[in-house]
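This report describes one protein model at the level of the chain, a helix pair and several single residues. The sequence and structure are shown first.

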Amino acid sequence: MFERRAYMLDVSRDRVPTQETLEWLVWVLAELGFNELQLYVEHTFAYSGHQEVWEGASPFTAEELRWLDRVCQVSSIDLVGNMNCFGHMERWLAHERYRGLAECPDGAPSLFGSGTMPPGCLAPTAQNAEFGVALARELGSAIRSRRIHIGGDEPFELGEGVSAADVADRGRETVYVEHLERLIGPLVDDDYQVMFWADQFRRDRSMLARIPDGAIPVVWNYEAPSDGGWEAFLPPDLITRLNLPEDPQLGFESHARLFIEAGRPFWVAPGTGSWNTFIGRNLNAAANIADAAAVGAAKGSPGFLLTDWGDNGHFQPLPVSLPSMVRGGAAARGEPIDDDAEVAERIDELLSCDPGVGALLDRLGRIGESLGMVALNSSPLFSSLFTTGMPGIGEPDAAAVARGLEVLAEARERFSQSIGGPRGAIVAAEMASACRLAQLGLRRLGARYGLGVEDPTAGEVKEAAQSQRAAWLLSSRPGGLDDSISKLFR
């Protein structure tokens with residue numbers, strides 16, 4: 001059993017849950033044996049003096065976090081702040097007031113092909129470190145915990161702009177870790193234990209000695225171990241910018257290798273596999289969770305953090321993550337569930353719903369993985385509808401596409417009526433909308449490859465967007481909804 005069994009929900013990619021949803025989530029986590037909840041905020045906390053960043057996003061106020069902290073405390077769960085103050089600052093840098101803080105104020109080379117992407121990384125300066133520490137202190141002051149997660153992952157633009165000369169002179173790793181020290185040091189002095197994402201510590205062994213005392217590296221990886229193959233499809237420049245290990249297909253053994261060899265404690269962070277999917281990626285998620293738990297337990301990791309991201313509009317509702325939450329909670333307790341029927345039964349119990357709903361949720365989350373394609377950090381059902389993200393590798397199997405459409409049609413029919421339980425109406429509406437979007441994605445994929453499937457019409461996409469709006473507001477706040485829906489029409 002891991003001492004810390006945490007679940008992290010992304011509340012910054014448009015979807016901010018209502019208080020009622022959060023209360024239900026805390027109850028679910030307690031039922032599954034988690035003892036920690038982290039909410040990942042970028043622009044969705046009402047930082048004082050920064051209204052232009054969070055205005056219109058339905059942010060959490062300090063008082064709301066204090067309320068949630070009390071709710072968690074009753075269920076013996078610790079609420080821990082989770083944020084970013086280095087990379088992933090796009091929502092801040094989109095505003096003119098903050099643009100001068102960026103590493104690349106005019107944008108940086110895109111990760112995927114030609115063109116540029118909006119500025120998202122703060123320059124590694126003393127001024128920006130003070131700015132980041134101030135944000136962390138304000139977020140931390142609303143919560144009882146003396147632990148805080150400051151992010152620090154994926155500073156893609158580092159060395160491309162303001163810090164270019166310094167990086168060329170002293171090396172990207174040195175510049176990065178010095179800025180990390182500037183962020184962590186003052187918070188450690190405030191008696192915080194400071195968590196940070198450890199993706200920048202996958203290659204250079206010498207960097208480990210620079211990790212400040214009181215800091216907790218969190219090793220994340222969201223792909224299941226494999227015999228290899230998919231890494232060959234990644235351009236070398238992308239591998240470098242992602243700072244991947246030479247053998248990322250091996251899972252946590254490769255992503256945590258430097259920490260393992262150095263005997264340095266670290267947390268493991270697998271994923272629910274729900275983001276960029278509509279309805280889940282459950283086979284990958286199950287193997288990813290099992291890998292994280294096995295490596296973490298074998299190496300004495302004190303913490304297990306199941307991450308639930310919302311990349312590209314957070315289209316998936318929370319019920320999509322339930323199969324992974326059940327598997328993750330069990331793995332973190334040292335009692336892994338390998339029987340799919342047991343997972344399904346546990347979901348039915350959590351929802352107090354009609355029998356069979358849990359099995360359907362788990363089955364839906366396997367459709368995108370049965371098409372004969374390889375997809376990284378996404379599902380072909382999702383990426384076929386969007387221009388962002390990683391497209392699937394290979395061609396879909398015609399029979400698998402037909403079967404998937406049949407299952408989705410049956411699921412929409414099932415979710416068109418009550419499924420029972422106190423949240424039955426909400427879950428049914430959310431899942432009906434998710435299945436509708438997945439249908440459109442699978443049809444577009446089939447049409448693209450000439451499999452005798454009709455491409456969705458603009459009218460059908462518009463109707464699905466309206467359905468998504470209605471379902472969203474049953475469990476989530478309105479802030480971010482327009483931004484999320486707009487991605488369907490880009």
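## Pro 217

Where is the place of Pro 217? Pro 217 lies in strand E8, which covers residues 215-220; helices (H or I, at least four residues) and strands (E, at least two) are DSSP runs, numbered from the N terminus. The model is predicted, so local features need pLDDT of at least 70 and side-chain atom pairs count only at pLDDT 80 or more, while totals for chains, interfaces and linings use all residues. Residues are numbered from 1 along each chain as its sequence is written, and side-chain values use heavy atoms, with hydrogens and water left out.

With a relative accessible area of 1%, Pro 217 is buried; buried means under 20% relative accessible area, exposed over 50%, and partly exposed in between (1.4 Å probe, protein chains only). Neighbours within four places in sequence aside, Pro 217 is in contact with Phe 196, Ala 198, Phe 259, Arg 264, Pro 265, Phe 266 and Trp 267, where contact means heavy atoms within 4.5 Å. Phe 415 is 198 residues from Pro 217 in sequence, and their C-alpha atoms are 41 Å apart.

## The whole chain

The protein chain has 20 helices and 10 strands. Its radius of gyration is 22 Å, close to the 23 Å that the globule rule gives for 490 residues, so the chain is as compact as a globular protein of that length. The radius is taken over C-alpha atoms, and the rule is 2.2 Å times the number of residues to the power 0.38. Along the principal axes, the C-alpha atoms fill a box of roughly 60 × 50 × 45 Å.

Of the 490 residues, 60% are buried. Among contacts between residues at least 6 apart in sequence, 76% join residues at least 24 apart.

## Helix H13 and its packing on H14

Helix H13 (residues 322-332) packs against helix H14 (residues 340-351) at an angle of about 110°, with the axes 10 Å apart. That makes H13 roughly perpendicular to H14. Axes are lines fitted to C-alpha atoms, for helices over the stretch in contact, and angles run from 0 to 180 degrees between N-to-C directions. Angles under 35 degrees count as roughly parallel, over 145 as roughly antiparallel, 65 to 115 as roughly perpendicular and the rest as oblique. On the H13 side, Leu 322, Pro 323, Val 326 and Arg 327 meet Asp 340, Val 343, Arg 346, Ile 347, Leu 350 and Leu 351 of H14. The residues of this contact divide into 7 nonpolar, no polar and 3 charged (Ala, Val, Leu, Ile, Met, Phe, Trp, Tyr, Cys and Pro count as nonpolar, Asp, Glu, Lys and Arg as charged, and the others, Gly among them, as polar).

Why is H13 largely enclosed by the rest of the structure? The reason is that 11 of the 11 residues of H13 are buried. The elements that cover them include strand E1 (4-10), helix H1 (19-31), helix H12 (282-298), strand E10 (303-308), H14 and helix H15 (357-364). Just after H13, Gly 334 takes a positive phi of about 80°.

His 314 is not a glycine, yet has a positive phi of about 45°. His 314 sits in the loop between E10 and H13 and is buried, with a relative accessible area of 4%.

Asn 243, also not a glycine, has a positive phi of about 55°. The loop between helix H9 (236-242) and helix H10 (252-255) holds Asn 243, which counts as buried at 9% relative accessibility.

## Other buried residues

Phe 382 belongs to helix H16 (residues 380-383) and is buried at 2% relative accessibility. Apart from neighbours within four places in sequence, Phe 382 is in contact with Asn 276, Thr 277, Phe 278, Asp 311, Asn 312 and Phe 315. Gly 441 is 59 residues away along the chain, with 5.8 Å between the two C-alpha atoms.

Ser 476 lies in the loop between helix H19 (458-475) and helix H20 (481-486), and is buried at 4% relative accessibility. A polar contact of 3.0 Å joins its side chain to that of Arg 15. Such a contact is a pair of N or O atoms within 3.5 Å; within protein, one must be able to donate a hydrogen and the other to accept it, and residues adjacent in sequence count only if both atoms are side-chain atoms.
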